[in-house]
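Keep the model in view while reading.

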Amino acid sequence: MKLHSLTIALVSALSLSSISSVANACTRVLWETKDQGTFVARTMDWSESTQPTLVNYPQGSEYSTHLSKLNNVNAKYAVTGITAYGIIVDGINSQGLSGNVLYDGGMDLGKADPQQKAGAITYLRHLLSQYKNVNELVAAIKDNAPIEELIKGIPVRIALHISFQDPTGDSAIIEWRDGKPQIWHGKQYTVLTNQPGYEQHLANVNRSQRGWGEQAQQWSQTNLGTGGNANPEDRFIHTTYFSKHLKEPSSLTNGILKLDSTMFRIPHDAPNRPINGKMAGYATEYSINTHLQSGETFIRYQWGDTYTQFNYDVKAIQQSQKMIKFNIVNNELAGDITQKIIASGK
């Protein structure tokens with residue numbers, strides 16, 4: 001783990017988290033189709049490589065609900081995911097419930113509850129390990145917030161919010177304010193970016209879409225009503241607008257590529273904001289696109305000297321019942337790499 005560069009990136013972002021455009025960003029979008037199932041896609045946008053790996057934790061495997069490793073439990077469901085610096089930030093379990101961690105500078109976990117054993121950074125893996133669908137998950141967490149966790153070598157909190165979705169198209173957005181979870185639960189909550197709070201994003205869309213006119217009359221000159229370019233509020237509006245124009249896909253692959261095209265990717269070398277008199281940048285490191293019914297997943301990786309696209313079958317990986325940690329930053333990865341991933345496990 002490159003602690004020095006990671007610490008610099010996080011301290012820079014978190015110390016200025018009140019500014020709406022931060023040094024890291026991501027976009028998530030969900031699409032329930034009529035005949036081809038449910039798709040979810042997300043980007044990972046950051047200021048350096050997050051050293052991602054693909055991991056698989058079998059059903060029944062033991063894990064800790066906190067980085068302190070003081071509260072070990074067994075997973076009810078297998079979990080497959082992509083990590084950032086060793087922590088799952090995007091995953092799906094063996095029931096088809098999936099989740100995505102995105103940065104949220106407004107996160108407020110409140111005063112630590114001594115009865116709460118789950119940590120904020122490891123929360124995604126924990127919830128995917130224990131719950132089978134969005135309804136069950138929302139009912140279980142509606143009254144409690146996880147507690148703060150710190151990664152060794154990083155003297156600041158990592159602020160986040162989480163989106164969840166399952167094969168029925170059900171969705172939940174979870175943020176924490178004043179020590180309590182704020183939950184938007186329903187199929188209509190298809191887009192997530194970063195701060196400000198989700199309520200503000202919904203208000204922005206309601207305001208902007210008044211100028212869009214009837215959908216059948218919208219065209220390439222429709223003014224979306226955004227005021228910047230890659231900041232979270234504008235990306236939320238951008239993705240909402242284009243995802244509403246998606247037409248029924250002709251196949252699973254067609255659905256993957258259509259949904260993938262709606263997300264705003266941060267260009268490499270894009271100026272973000274000045275920090276200590278120097279312009280800081282960030283970019284999209286990779287995108288993940290998953291079909292929740294089949295578990296078929298496509299990743300496009302694009303950082304440094306690595307530029308590749310590959311896919312894998314989550315269900316086959318989980319059925320292997322292997323513990324897996326597989327490096328995905330590799331130019332030799334292309335096409336279906338399911339068997340290569342399984343062969344790497346123990």
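Val-101 has a relative accessible area of 12% in this predicted model, which is under the 20% limit, so Val-101 counts as buried. The residue is found in strand E8. Leaving out residues up to four places away in sequence, Val-101 touches Arg-42, Ile-88, Val-89, Leu-124, Leu-160, His-161 and Ile-162. Glu-32 lies 69 residues from Val-101 along the chain, and the C-alpha atoms of the two are separated by 20 Å.

Strands E7 and E8 run antiparallel and are joined by three bridges. One of the bridge pairs is formed by Ile-92 and its partner in E8, Ser-98. The hairpin of E7 and E8 has four residues between the strands, and Gly-96 takes a positive phi near 90 degrees there.

E6 and E7 form a hairpin with two residues between them, and Tyr-85 in the turn has a positive phi of about 55 degrees. How many residues of E7 are buried? Seven of the seven are, so E7 is largely enclosed by the rest of the structure.

These strands belong to an open sheet of eight strands, in the order E11-E10-E9-E8-E7-E6-E3-E17, with antiparallel pairing. Strand E11 (180-185) and strand E17 (324-327) stand at the edges; each has a single partner strand, so one side of each is left without a neighbour in the sheet. From one strand to the next, the twist averages 20 degrees.

Helices pack against this sheet. Helix H2 (residues 123-130) lies across E3, E6, E7, E8, E9 and E10, and runs at about 15 degrees to E7. Helix H3 (residues 134-141) touches E9, E10 and E11, and its direction makes about 155 degrees with that of E11. H2 is mostly covered, with eight of its eight residues buried.

The largest nonpolar core holds 79 residues, and the members that touch the most others are Leu-137, Phe-164, Trp-176 and Tyr-312. Strand E2 (residues 38-46) gives the most to this core, with five residues. Apart from neighbours within four places in sequence, Trp-176 is in contact with residues including Met-107, Leu-109, Tyr-123, Pro-146, Leu-160, Ile-162 and Pro-181. A second, separate core has five residues, including Ala-25, Ala-230, Ala-270 and Tyr-282.

Now for the protein as a whole. Its secondary structure comes to eight helices and 18 strands. The radius of gyration is 19 Å, close to the 20 Å that the globule rule gives for 346 residues, so the protein is as compact as a globular protein of that length. Its C-alpha atoms fill a box of roughly 55 × 50 × 45 Å along the principal axes. Buried residues make up 57% of the 346. Of the contacts between residues at least 6 apart in sequence, 66% join residues at least 24 apart. The accessible surface comes to about 15,100 Å², and 49% of this surface belongs to carbon and sulfur atoms.

Methods. Residues numbered from 1 in each chain as written. Predicted model: local features only at pLDDT ≥ 70, side-chain atom pairs only at ≥ 80, totals over all residues. Heavy atoms only, no water. Pairing = 2+ DSSP bridges. Axes fitted to C-alpha atoms, helices over the stretch in contact; angles between N-to-C directions. Contact = heavy atoms within 4.5 Å. Core = buried A, V, L, I, M, F, W, Y, C linked by side-chain atoms within 4.5 Å. Buried < 20%, exposed > 50% of the residue type's maximum accessible area, 1.4 Å probe, protein only. Rg over C-alpha atoms; globule rule 2.2 N^0.38 Å. Areas by Shrake-Rupley, 256 points an atom, 1.4 Å probe, with all protein chains shown as cover.
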